[in-house]
Amino acid sequence: MTDASWQLKGEAKRQSILNTIPKKWRLEYPVPPATELRDVTADYIRQYLTAHEIEITETDAVDIVEQTSTGRWSAVEVTEAFCHRSALAHQLVSCLHETFYEAAIKDAERQDEYFTKNKAPIGPLHGLPVSLKDQFHVKGVETTMGYVGWINTFQGYRDDPRSGTEESELVRELRNLGAVLYCKTSVPATLMIGETINNIIGYTWNPKNRLLSSGGSSGGEGALIALRGSPAGFGTDIGGSIRIPAGFNFLYGIRPSAGRIPYQGAATSLDGQSTVPSVIGPMAPTARSLTLLFKAVLGQKPWLYDPLALELPWRDEIVQETRALIEKAQDGASALAFGIMKYDGVALVHPPIARGLGIVEKTLRRLGHRVIEWKPPSHVIAVELLEKVFNMDGGVDLKYHLGLSGESRAPQVLGTEHGIPMTAPEILALNVAKREYQKLYMDYWNSTAEVTGTGRPVDALFCPLAPHAAVIPNEYESVGYTGFVNVLDYTSLAIPVTFADKKVDVRSSYESVDGSKNIQWDYDSESYDGAPVGVQFVGRRLQEEKMLTLAEYLGKEIIKEAEGRA
């Protein structure tokens, strides 16, 4: 395919996405350029909505379900409100790959009919609109995953019987739970980028500061939810792809350990690579929304339908144990302890991130929790292991899928197109090296019991999500802060903290003393002004219940500290 033909094909698909937006929801006038209007959230997008649409779309998932499951709001009115706001969001920041609004409204109508007849909801997500990253197959809806060569195919295969008929396991479960599916969100071609860019819709911008990135690879989800075009959605994460866009968009997002949320039937890059597997997790404006979705999905017993899903139901006993520790700490006992890592030995952080971590530390100390400096096994090792995983196939997957159309590769893409695939012995050695690193980290975590004062190791770790806030395009320096978690297969969340402020977050005079790259000198306070600042909250493997409970408790306190209300 020639350059001209793949470009035309991408343009045609881009226009077809816009054409699915009803005329009544299309913007009549061009949006001012980012140089004139950075922030299109809140008041800007509200001008196109009714008061009731604003009320619905700015309610979190937990309260929406409370309304829909009792009949106070109909599934149709909620679905229509989010369809409208998501359509606006796409026109502001290019965050959607697919819309299926008519099908969603019909699903919502069926839910309302069920409620009228049975006086009860279909399930725990009754009438809740849920957005999906464009890796999930939905019947009658295309999946391109950002590749021009996937247009009008099934994952690049023409005349495949699964085209238009396949549904991912998570999609099936969400339908059973009563969720209403209505759109799929943008991703970078290959998924291997901390930004979102492809040759179909272009670049997905950050709604709070349109000079900056929405993150990646679940960047469309992050941008859409930031604009409240979705109350909650699902992304995937192999090196930070849920947590990065959550942090860049002032949201919560969880990267669970592998096997807790079903991946069966979802498209992905490097399919079959299992040294560091991609995982699925929810993103939302509130921590309790993540808990709602996570618990609901586990209630569907995904291990009966996905051979890689763990038979591990939601554990209320761990929630209760964690709440008991919180209550004990509130009574003045030394019940909780946390590590804080401000620098990973690879990438120094920008001033807004340093300030965000300072807010977190101040919050923990105010609440009476023990805080220790985190000095783990070298994160350089984790970064090197992850790079080997990303290049394991020598670029075969990347080259093949881009080659379907002949389209160009975005400069941000991680991985090589001209490498040498690993041999079986090399892969075995890599798996051994990963296991050994996991053991080193486990031993270090256990050793902290000697200094916490609680009789246990630290309960969790706070550290950066990235060296920077929502990043300037093509300036993402290191995925090591999130990637080490994937190597370890730990539970990890993004937690929102504050926003970059050019008057406060001035360039630091700190200089590296160990020869590491000093990324702070690339910091531009003017460009980053207004960018969301999030932090990473890391727990041990398979600790999702504990981490979600702690995130809900601490997240509220961190925001209070940041806003001076503590």
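Biologist: How do the residues of the lining of the largest cavity divide into nonpolar, polar and charged?

Modeller: This is a predicted model. The lining of the largest cavity includes Met 192, Leu 270, Phe 390, Leu 398 and Leu 414. Asp 393 and Asp 397 line the largest cavity too. The division is five nonpolar, five polar and two charged.

Biologist: What volume does the largest cavity have?

Modeller: The structure holds four cavities of 30 Å³ or more. For the largest of them, the volume is about 100 Å³.

Biologist: Which strands stand at the edges of the open sheet?

Modeller: The sheet has eleven strands with mixed pairing, in the order β1-β3-β2-β8-β10-β9-β14-β15-β13-β11-β12. An edge strand here has a single partner, so one side of it is left without a neighbour in the sheet. The twist averages 30° from one strand to the next. The edge strands are β1 (96-99) and β12 (370-373).

Biologist: In which sense do β14 and β15 pair, and over how many bridges?

Modeller: Strand β14 covers residues 492-499, and strand β15 covers residues 532-538. The pairing is antiparallel, over seven bridges.

Biologist: Which strands does α17 touch where it packs on the sheet?

Modeller: The direction of α17 makes about 25° with that of β15. The strands it touches are β8, β9 (252-255), β13 (460-464), β14 and β15.

Biologist: And α8, at about what angle does that helix run to β3?

Modeller: Helix α8 spans residues 219-226. It lies across β1, β2 (129-133), β3 (180-185), β8 (233-237) and β10 (279-284). Its angle to β3 is about 120°.

Biologist: Are α13 and α17 roughly parallel or roughly perpendicular to each other?

Modeller: The axes of α13 (residues 379-390) and α17 (residues 480-488) come within 9 Å. They cross at roughly 75°. An angle of 65 to 115 degrees counts as roughly perpendicular. The two helices are therefore roughly perpendicular.

Biologist: Which residues of α17 make the contact with α13?

Modeller: From α13 come His 379, Ala 382, Val 383, Leu 385 and Leu 386. By class, the contact has six nonpolar, three polar and no charged residues. On the α17 side, the residues are Gly 480, Gly 483, Phe 484 and Val 487.

Biologist: Turn to the largest pocket. Of the residues that line it, which are the closest to its centre?

Modeller: About 930 Å³ of space lies in this pocket. The elements that give two or more residues to its lining are β10, α14 (396-403), α15 (424-447) and α17. By class, the lining has 18 nonpolar, 15 polar and eight charged residues. Closest to the centre are Tyr 263, Asp 271, Gly 272, Gln 273 and Leu 308.

Biologist: Which element gives the most to the lining of the second largest pocket?

Modeller: The second largest pocket has a volume of about 740 Å³. At least two lining residues come from each of α2 (43-46), α10 (287-298), β14 and α19 (544-562). With six residues, the element that gives the most is α19.

Biologist: Which residues lie nearest the centre of the second largest pocket?

Modeller: The pocket is lined by 32 residues. By class, they are 15 nonpolar, seven polar and ten charged.

Definitions and conventions
Residues are numbered from 1 along each chain as its sequence is written. This is a predicted model: local features need pLDDT of at least 70, side-chain atom pairs count only at pLDDT 80 or more; totals for chains, interfaces and linings use all residues. Side-chain values use heavy atoms; hydrogens and water are left out. Axes are lines fitted to C-alpha atoms, for helices over the stretch in contact, and angles run from 0 to 180 degrees between N-to-C directions. Helices (H or I, at least four residues) and strands (E, at least two) are DSSP runs, numbered from the N terminus. Angles under 35 degrees count as roughly parallel, over 145 as roughly antiparallel, 65 to 115 as roughly perpendicular and the rest as oblique. Contact means heavy atoms within 4.5 Å. Ala, Val, Leu, Ile, Met, Phe, Trp, Tyr, Cys and Pro count as nonpolar, Asp, Glu, Lys and Arg as charged, and the others, Gly among them, as polar. Two strands pair if DSSP finds at least two bridges between them. On a 1 Å grid over the protein atoms alone, a cavity is a set of points where a 1.4 Å probe fits but cannot get out, and a pocket is an open set with protein on both sides within 12 Å along at least five of seven lines; lining residues have an atom within 4 Å of a point. Grid points are joined across faces, edges and corners, and a volume is the space filled by probe spheres set on the points.
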